[in-house]
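Hi,

Here is the structure I promised to pass on. Have a look first, and my notes follow below.

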Amino acid sequence: MSDKSYQIKENNQVMIQGGEKKVMKKILSVALSTAMAFSMFASVAFGDDALNTQQKFDVLKEKGIFTGYPDGTAGLEKDMTRAEFAKVLVGIMGLEPIQGKASFKDKNYKASKWPAPYVEAVYAAGLMEGKNTTKMIFDFNGKITIQEMAKVLVTAQKLEIPTETNNNASDWAKGYVQAAINAGLVDAKANPKANASRSQLVDVAYSIYLAQQKPKVVSYEVKEDGKVVEFKLANNEVVKVTLETALKANVAQEVKFTHNNYEYTENVTWVVTAATKIQGVSANNLKQVVVAFDGEVDEATAENGGNYSITGLTFESNAELSEDGKTVTLTIAQESGVLNQQKEYTINVKGVKNADRSRTFNEALKFSPVDTTLPEVKEVVGLGTKAFKVVFSEPVQQSTVVSTSNFQVDGKAVSGYVTYQYPNIAIISTELAVGNHELTVRNVKDYAGFTIQPESQSFTVAEDKTAPEVVKATTYDLSSATIEFNEPIKSVSKVYHTSSGKTGKATIRDNKVYVDFGTNKLSLAETTIYLEGVTDYSNNSANRDVKVTPELDTERPTVVGVSAEVKGNNHEFTVEFSEAVDLGDVENTANYVLKDKDGKVVTGKGFTTKGNPVNKPVIVANSQNKKVKITSIGQLASGVYTLEISNIRDRAAIGNAMLPYSTTIDLGDIERPQVLATSYYEVTYPGNDSNFAGLDIVVHYSKPMALDGAGSALEANKYNFNKDVTSGVYGPLPVNTEVTAVNAETIRISLPAVEGGYVNITGTAPNQVKQPISLRVTNVADANGNYISGNVLNTSVKEKGQQTLTFKSAKATDKDTIVTEFDGNLSYVDARDFEVKNTVTGVTYDVSVASHNGANVTFDLTGSNVLAPDLKDLELRVKSSNPQSVNYNGLKVSGNIVIADAISPTYVKDTVVFAKASDKTTATLTFDEALTVEANATAFQVFVGGVEVKVTSVAPVGTKQVAITFEGDVAGKTVEIYSGPNFASSKFVTDTKGNAANSVEIQTTGKY
């Protein structure tokens, strides 16, 4: 074992310290060697070894440590004297014998005698004190016992003496022997009072000798994130040890390894100040997210708001790093919306580096915001005699801050104006006297709607006659910089770098000036930024400059996520990148390819034959140029699609291109729910007149809604209402309001009777009119987790009698079939309520109900009536004045809708005509309506006499015909013509409305 002290250095090395004086070095050497010797005493001196004792003696004699007796014998069977033990210790420890000195008064102990130099050496080293320290008797000819050697060992090792012992040593030695036994240095079975023989001395001396040959560890260095330790030995060897489990940062741990047959056990501490992981994410208000690291992070990348993203929200471009460099506070842009209480969010962290830049964090972490605290005044600072600054404990709403009536100084109203600096600062400009003042703040609200408790806080005003000074500057790539001053800045007249023409746009927030240089890029070399007219709130002004050395952004953009939703009759794909991306690359449609589940490119519906979008993708507003929207033309069919994205660069000075990216998107149920209709019913309770009526508001959703969980539509706090539509003010539902489900798509909100009622009535009886009220719906989702668009929806609620259900869509899919969707689920459908009408000729057709499923109804034309394949001027309408078709709450159907043409063109049977030209044949097929034909030879397959022949061309003929040219002669042979395998999906043949033709299957005999 070893007793080593360590000094931790900044380069993660640990150096073994030494003593200041030579004698102390000797003592330490003795202690270490003695420790090593006696650690082996139990296992070696009293046990077996590869060498027997005589062989060990011979080795030590050759090294000059033992000399033996004059007759040449080892005398192994004899007990060893204390003098003999002292001489051997001096020899193996490398101590210098001390000549000419005799400190002890033993009989015949003289400086000229052989024991004296050795006894004096171990005495000076503090290893052996003698048998009687008062009379200075060493007893050099006496025998040495095991318990005496134990005391030497324990003293050298500075081991703790236990209070409880279990050994047969003398009373004075029990503690030393027990300490040695506990440390594994002495065999518990040995008799402590017994003399140690010369053979045991040889064994111990040999063990010490071997220990001295083992090079000591003088330093170590931890590498590769704690997985590798490199030990430097005293002989300058470096031993690399790879660990099965990485070390824990800043925790002392034991590392064992073997080198050149020597076993080492070292205490190692991996000293880490740079972050190794993200510890967690939290949000205790609804406008800020805090990302905590386990160590320090790089300021430039950590404060770049573009390195963080949450789907649906946008962060301010500049984040705030804490003073200890471990925590980043991100603020959601003022216009971007707010977090929802206890809703689970995912934040993507990308491109943030730790302090020594050895690690880059790219992770997605989940968190749920919880705001349960009222806003408070965190700090009030006098800004000279013309203004003071109020800092709130969290982001506060601008509308509640900008009124001077919310601030009183020394109990008096403030005369001046308030400048709001998002998210939590108000600067009040007003004349102030030098000295102490007391500020009272009231009526300020945070983004959870909590109002500050009126509170007073003291602050001091001193005269300010000094212009602002630059504290530091930080750059992000070559296009932007943040300059921090020692006080809040009121204005800056001009910012530029290098020369006056290379200007930037300055944005001021408190004591920081954020500069965007746009195309006037900074240099990679040291560059000076100049700020003219830097003015504080005491109107002190000066020109300032600061030198910066920007670093190039070399981080590639990545795709954070891709989502899809139905908007109108189209699908919208939203691609979110990890950072701002180049507009030119975004608009290049070739950078996007959409494929179906089989890996084939999607064509049609707004995509080219190469799967590229027809419409240019666009950058989503207020997304910091990180979100891109791709829109189809018409809804895509349900199923799993693959979107491939490539060649998109970021907006760095030298754009970094993304690596090719691919993801799958399931266009199953992704449509957001909508509020189709709302209506109210007055409920009069016994004993109450109409003005004290309760109110049931019924909300009809377009889809089955979530009835539990985060998106539950049964939570009263998801609804606010306004009984006076002219006020624009929404309030919470009254206490005791009940929200229940009528069915999966319909929610009933039952408001209790309260004084004054809820429904505004104008006019006089009997013509009084009940006015609509307004309802606000927030954060409700359908059963599949799709939230209503924008998470907030305002709707006007009318009286039940004024509400109806109407058509959402209608399309003819066959000559006698019309597929219809209503804007709400129907509980009953009566075919007598409906008819098909030609709006030009006035001709009508009755229908029957072929199928009914909620809001979806399929009608068939009755009798022999059929629709033209190229139908036009037709509408489906409710013909009954008192229709019987209703939803679950009795709302009736009404209205009409134009019938869309979704009828596929069909080959007219037996119309194929063959014509011969040289060695080829052309088959002309006639369809039942006008066509658009893709000139693609793979559209059809042709077999002649049972053998497939090569189709050389496909072309339109006239308006309704297709000409298929293929090799060979068909006269008198069986001819088969089939539509190709991708005929429908590739839309090789469509009508003028884009409906793919039905498949073709012709079997006939060829003739010209």
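**Strands and hairpins**

Strand β4 and strand β5 (residues 238-242) are antiparallel partners joined over five bridges. Quick terms: helices (H or I, at least four residues) and strands (E, at least two) are DSSP runs numbered from the N terminus, and two strands pair if DSSP finds at least two bridges between them. Across that pairing, Glu230 stands opposite Lys240 in β5. The hairpin of β4 and β5 has four residues between the strands, and Asn236 there takes a positive phi near 75°.

Before going on: this is a predicted model, where local features need pLDDT of at least 70 and side-chain atom pairs count only at pLDDT 80 or more, while totals for chains, interfaces and linings use all residues. Residues are numbered from 1 along each chain as its sequence is written, and side-chain values use heavy atoms, with hydrogens and water left out.

β4 (residues 228-233) also runs antiparallel to β3 (residues 217-223), with six bridges joining the two. Val217 stands opposite Leu233 in β4. The hairpin of β3 and β4 again has four residues between the strands, and Glu224 takes a positive phi near 50° in it.

Further along, β41 (residues 738-743) and β42 (residues 746-751) make an antiparallel pair over five bridges. Ala741 has Ile747 of β42 as its bridge partner, and the hairpin from β41 to β42 goes through two residues.

**Confidence**

The chain's average pLDDT (the predictor's confidence in each residue, from 0 to 100) is 84, and 88% of the residues score at least 70. Residues 1-49 stay under 50, and the model has 108 contacts for them beyond four places in sequence; contact means heavy atoms within 4.5 Å. Residues 685-692 are also below 50, with 13 contacts beyond near neighbours in sequence. Where pLDDT is low, the predicted coordinates should not be read in detail.

**A pocket**

The second largest pocket holds about 1600 Å³ of space. On a 1 Å grid over the protein atoms alone, a pocket is an open set of points where a 1.4 Å probe fits, with protein on both sides within 12 Å along at least five of seven lines; lining residues have an atom within 4 Å of a point. Grid points are joined across faces, edges and corners, and the volume is the space filled by probe spheres set on the points.

Of the 50 lining residues, Asn304, Ser317, Tyr476, Ser479 and Ser480 are the closest to the centre of this pocket. β26 gives the most to the lining, with four residues. The lining divides into 14 nonpolar, 20 polar and 16 charged residues (Ala, Val, Leu, Ile, Met, Phe, Trp, Tyr, Cys and Pro count as nonpolar, Asp, Glu, Lys and Arg as charged, and the others, Gly among them, as polar).

**Salt bridges and backbone**

The whole structure has 29 salt bridges, each a side-chain nitrogen of Lys or Arg within 4 Å of a carboxyl oxygen of Asp or Glu. One of them joins Arg509 and Glu316 (2.4 Å, N to O). Arg509 is in β26 and Glu316 in the loop between β10 (308-309) and β11 (320-321), so the pair ties together parts 193 residues apart in sequence.

Two backbone details to finish. Tyr422 and Pro423 are joined by a cis peptide bond, with omega about 10°, and Pro423 is in the loop between β19 and β20 (425-429). Asn108 is not a glycine but has a positive phi of about 70°.

Cheers
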